[in-house]
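These are my notebook entries on a protein structure.

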Amino acid sequence: MLEDKLQSRFDRKIRKLMKKYKVKGLSVAIASDKKMLFERYEGIVSHEGLENSSEKMMMIGSNTKILTALAIMVLYERKLLSLDVDIREYLPSFDVKTRFGAFKITIKDLLMHVSGLPSDDYDLITSDAFGLDDVLKVLKETYLTSKPQTMFSYSNLGYGVLGLIIEKVSQVSYKTFLKEAVTEPLDLEIEILENADLRKTYGDAVSESFDVKGNVVEDPLSTIISAGSSTYATLNALVKLGQVFLDPSSQNVLETKTIHMMLEIPEIEHFISNSHGIGLGLRMAYYNFYNPMVGTITGHGGNTIYHHSTLDFSLDHKFCVAVMTNSEKGAFVANQLSKYLIIEYVKALGIEMPKRIKTKPSLLPYKNNIFDQGYVLPGLKVPIQFDRQQNPIFKIQILKFTVKPVADALGVYQAIPRGLSRLPILAGAVKRLQLIPHHVEGEDVLYVTQNDNYSNVTAAFASKYQVTSVPNTWENALGSYTIENDNKALKSIASELQLVKTKQDDLVLELKMMKQKLKLYLIVLDDFEALVQGYGRGAKETVFLTLEDERYFLRVLGIRAKKDK
């Protein structure tokens with residue numbers, strides 16, 4: 001167990017974060033490879049005020065992808081599948097439209113989120129009228145977003161396909177195989193409960209979901225069970241899942257060498273060294289600490305609409321941190337608390353945790369046009385202006401402040417505050433950012449490194465903005481749209497859809513998704529298809545335009561909408 005003084009500090013941090021983000025219930029633990037070191041069950045799990053406890057289950061969201069990966073590796077060990085052959089060998093009916101000619105998608109590509117499959121279909125994932133088989137029907141009606149193996153793009157649909165492969169190869173349902181091959185042998189208290197009726201059978205053991213006002217709500221995710229839409233677990237189960245990787249010899253599901261395969265950091269040519277990515281079901285290089293003796297942190301996270309969790313573990317020091325919450329803003333708590341506990345526990349082990357050394361960047365002149373067109377990501381455009389010396393300045397529209405990138409000798413650009421971003425509340429955050437232009441498969445991509453006190457994380461952020469022409473068909477389609485899907489759950493998270501043309505002649509699809517207003521900048525391909533600009537999750541998704549009975553319809557991300565009169 002940890003020292004009382006350290007536990008008291010942890011307790012204060014937990015209460016502070018729960019209060020700040022209005023989280024109703026939280027479960028958290030630190031464990032070694034052998035035993036629990038610290039665990040807490042805070043708050044409530046029902047509208048009646050039922051207290052949280054070790055028996056209560058919360059949704060673990062995409063942490064389910066670790067379970068799916070384990071199930072795949074069981075089949076791999078049984079020599080029932082290969083990680084490197086075309087998935088059509090297992091799913092002959094698999095098909096998806098492509099603009100890249102002949103292609104091959106492997107199980108390894110799906111595990112690593114480099115398959116090129118679209119990220120999400122919100123109609124599919126929020127409706128209990130669909131089943132896992134419907135993933136294939138959805139994919140047949142859309143396009144690859146990239147050539148396989150060329151872009152990291154987190155894909156729930158890809159893990160839906162993995163679930164179908166598990167069913168096809170094992171000849172039993174995903175739920176049955178997962179239980180027989182993974183959760184029961186590991187003694188994990190984990191259940192897949194994809195509808196309200198199933199959840200009722202577990203009574204008080206299953207936590208309810210709370211919105212930001214503290215109201216009990218129904219979490220709408222249900223269909224893609226192998227991606228994590230409906231998985232409930234106790235805190236102890238999440239900890240045990242982490243211990244599988246901390247001490248592979250303690251489990252009987254996979255051979256130790258197979259576990260080690262899952263823990264290898266993937267080598268993909270176009271990824272920047274130490275950039276965040278996914279290996280065989282696990283999140284890699286998420287925190288890169290300044291002291292290499294601290295080692296790397298591996299794991300995964302899981303977010304539904306209202307439940308949020310994270311599982312992080314240190315292979316070097318044999319401990320894991322698990323956090324589960326049942327409230328709308330719980331993602332902030334899970335991520336901040338996990339990182340805080342990792343740092344403080346490593347300090348308690350006597351390992352030096354040096355802070356970031358602040359250096360003044362060299363003011364090299366701006367010599368090329370790498371920033372000239374600006375950058376774009378799904379939901380946001382980052383245009384470029386130039387100062388009197390013709391140095392580029394980013395105009396961050398969403399926060400109304402400007403940032404000047406200043407190069408160092410290695411081609412990394414330090415973000416320098418300008419204008420409103422000089423305010424103390426913003427300046428510190430801006431100065432922690434580094435911008436790394438990179439050329440990926442013929443595309444200019446901007447990676448961003450976020451430097452915190454003790455570590456940093458690097459991830460692909462945006463791609464260079466492309467100017468597009470807007471033909472008459474799309475001009476005529478401008479206006480507001482009403483969502484047509486017969487899906488109340490979808491309409492509860494998506495609304496206010498508009499197709500607009502800006503003063504700068506950008507074609508933009510605006511919508512409100514999960515209470516956030518997004519602007520999807522489009523590049524038109526022809527009269528009836530356009531792509532969402534950007535890089536990574538949600539980017540390069542196809543937007544379909546149709547004209548039916550003199551009315552325009554839009555389809556994107558599984559949302560079908562009709563133009564208002």
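Which residue in S7 does Glu-191 stand opposite? I looked this up and found that Glu-191 faces Tyr-232 in S7. I note that the model is a predicted one.

S4 and strand S7, which covers residues 231-233, run antiparallel and are joined by three bridges. They belong to an open sheet of three strands, and I recorded the order as S3-S7-S4 with antiparallel pairing. Strand S3 (58-59) and strand S4 (190-192) are the edges of this sheet; each has a single partner strand, so one side of each is left without a neighbour in the sheet.

Entry on the barrel. I then turned to a closed barrel of eight strands, in which the pairing is antiparallel. I wrote down its order as S23-S24-S25-S26-S27-S28-S29-S30. From one strand to the next, the twist averages 30 degrees.

Entry on the surface. Which residues form a nonpolar patch on the surface? I found Leu-420, Leu-423 and Ile-425, which together have about 340 Å² of accessible area. I located Leu-423 in the loop between strand S19 (413-418) and helix H12 (424-431). Its relative accessible area is 44%.

Note on methods. Residues numbered from 1 in each chain as written. Predicted model: local features only at pLDDT ≥ 70, side-chain atom pairs only at ≥ 80, totals over all residues. Heavy atoms only, no water. Patch = residues over 30% accessible without salt bridge, like charges linked within 9 Å, V, L, I, M, F, W, Y side chains within 5 Å. Areas by Shrake-Rupley, 256 points an atom, 1.4 Å probe, with all protein chains shown as cover. Salt bridge = Lys/Arg side-chain N within 4 Å of Asp/Glu carboxyl O. Helix = DSSP H or I, 4+ residues; strand = E, 2+ residues; numbered from the N terminus. Buried < 20%, exposed > 50% of the residue type's maximum accessible area, 1.4 Å probe, protein only. Pairing = 2+ DSSP bridges. Axes fitted to C-alpha atoms, helices over the stretch in contact; angles between N-to-C directions.
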